[in-house]
Amino acid sequence: MRIRSNPLPRRLVDILCFLIIGVFLPVVFLFEIVVVLPAFHEPGGFLHTFTFVMAMFLVFNIKGNMIACMMIDTSVDGDEKVEPPVDQSDWRECGECQRLSPPRSWHCKICKVCILKRDHHCIYTGCCIGLKNHRFFMGFIFYLFVGSVYALVYNSIYMWVIQGHIYCNWLTLLKLTCPMLLLVTGNLWSNLYLLFYSLNVLALAYGVLLLGYHVPIVLRGGVSADRTKERKKKYDRGIHQNLRSVFGNRMHIAWLSPLIRSDLPDDGYHWSASVARKDKD
């Protein structure tokens with residue numbers, strides 16, 4: 001796979017969203033391990049070690065998939081000599097790139113290049129999600145969801161039960177619904193935990209919304225850029241093949257780690273319509 005020459009986010013909004021995951025996630029992880037976890041399990045015990053290892057696994061996959069999304073170049077390669085087929089009805093001229101663009105690829109005004117099987121521009125990674133990094137984006141939001149659920153269970157018990165004498169009051173609820181109050185009332189330590197708890201809830205909501213939106217699209221073999229009903233069903237080749245086109249030939253284990261190699265069955269330049277569409281034609 002090609003590596004992007006400049007993987008860093010370009011827009012201010014992309015940079016800010018990237019920092020939420022890139023900076024706050026390690027900070028919150030350290031807080032969970034140092035403060036929250038010892039309140040549940042004796043350090044050195046089996047449950048403490050098991051929970052620590054699970055947390056490391058989740059953080060590794062969140063950060064690893066996020067970095068893979070940013071590093072992998074999924075753009076139309078201008079140096080690669082790809083011969084368009086005789087029937088170029090699905091190929092089109094890109095006015096920005098001034099070249100023939102393969103089917104399912106679209107130009108991104110932010111990345112300033114055509115993206116193979118473009119899905120969308122992700123503000124949290126600061127790059128486009130396309131053919132070659134779609135797998136890592138799905139892994140990123142999946143493990144973000146799992147990690148958020150895992151952390152929220154511990155954080156909720158810690159805050160509302162173990163530290164209930166501190167946080168079980170109306171002021172805490174007001175701070176959670178209106179975070180600006182954290183700046184004007186309460187001590188630094190308690191407010192810091194409420195900030196982490198709020199970020200945990202937001203991460204869970206973000207994961208739920210993204211999974212709920214993207215999973216059905218992946219299962220039907222489409223991309224977010226598909227707008228018409230015909231385009232949404234055009235490349236639907238069945239759930240198994242649709243998953244394989246995103247997670248690769250080793251899709252059954254590819255989700256375990258971004259380091260596992262799983263070659264894609266499609267090159268991003270030549271696409272065949274779904275079987276149902278062929279039969280109809």
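**Close-up views of a predicted protein model**

Figure 1. Helix H1 covers residues 12–22, and its axis comes within 11 Å of the axis of H3, the two crossing at roughly 150°. H1 is therefore roughly antiparallel to H3. As in every view shown here, the model is predicted.

**Figure 2. Helix H2 packs against helix H3.** H2 spans residues 24–36 and H3 spans residues 46–71. Their axes lie 12 Å apart, at an angle of about 175°. Angles over 145 degrees count as roughly antiparallel, and H2 and H3 are therefore roughly antiparallel to each other. On the H2 side, the contact is formed by Leu 25, Pro 26, Phe 29 and Ile 33. On the H3 side, these residues meet Phe 52, Ala 55, Met 56, Val 59, Ile 62 and Lys 63. The residues of this contact comprise 9 nonpolar, no polar and 1 charged.

**Figure 3. Helix H2 contributes several buried residues.** The buried residues of H2 are Leu 25, Val 28, Phe 29, Phe 31, Glu 32, Ile 33 and Val 36. They pack against H1, H3, H4 and helix H7 (188–219). An α-helix has 3.6 residues a turn, so residues three or four places apart point the same way.

**Figure 4. Ser 156 takes part in polar contacts through its side chain.** Ser 156 belongs to helix H4, which runs over residues 134–162. A polar atom of the Ser 156 side chain lies 2.8 Å from the backbone oxygen of Leu 152. The side chain of Ser 156 is also joined to that of Tyr 197 by a polar contact of 3.0 Å. When neighbours within four places in sequence are left aside, Ser 156 is in contact with Val 161 and Tyr 197.

**Figure 5. Ile 129 is a buried residue of strand E6.** Strand E6 consists of residues 127–129. Ile 129 has a relative accessible area of 0% and is therefore buried. Apart from neighbours within four places in sequence, Ile 129 is in contact with Cys 69, Ile 115, Lys 117, Arg 118, Asp 119, His 120, Cys 122, His 134 and Phe 137. Leu 19 stands 110 residues from Ile 129 along the chain, and the C-alpha atoms of these two residues are separated by 19 Å.

**Figure 6. Cysteines are present, but the structure holds 0 disulfides.** A disulfide is a covalent bond between the sulfur atoms of two cysteines. The cut-off applied to a pair of cysteine sulfur atoms is within 2.5 Å. For Cys 17, the closest cysteine sulfur is that of Cys 122, at 8.5 Å, which is too far for a bond. Cys 17 counts as buried, with 11% relative accessibility. For Cys 114, the closest cysteine sulfur is in Cys 94; the separation of 3.4 Å is again too far for a bond. Cys 114 is buried as well, at a relative accessible area of 3%.

Key
Residues are numbered from 1 along each chain as its sequence is written. This is a predicted model: local features need pLDDT of at least 70, side-chain atom pairs count only at pLDDT 80 or more; totals for chains, interfaces and linings use all residues. Side-chain values use heavy atoms; hydrogens and water are left out. Axes are lines fitted to C-alpha atoms, for helices over the stretch in contact, and angles run from 0 to 180 degrees between N-to-C directions. Helices (H or I, at least four residues) and strands (E, at least two) are DSSP runs, numbered from the N terminus. Angles under 35 degrees count as roughly parallel, over 145 as roughly antiparallel, 65 to 115 as roughly perpendicular and the rest as oblique. Contact means heavy atoms within 4.5 Å. Ala, Val, Leu, Ile, Met, Phe, Trp, Tyr, Cys and Pro count as nonpolar, Asp, Glu, Lys and Arg as charged, and the others, Gly among them, as polar. A polar contact is a pair of N or O atoms within 3.5 Å; within protein, one must be able to donate a hydrogen and the other to accept it, and residues adjacent in sequence count only if both atoms are side-chain atoms. Buried means under 20% relative accessible area, exposed over 50%, partly exposed in between (1.4 Å probe, protein chains only).
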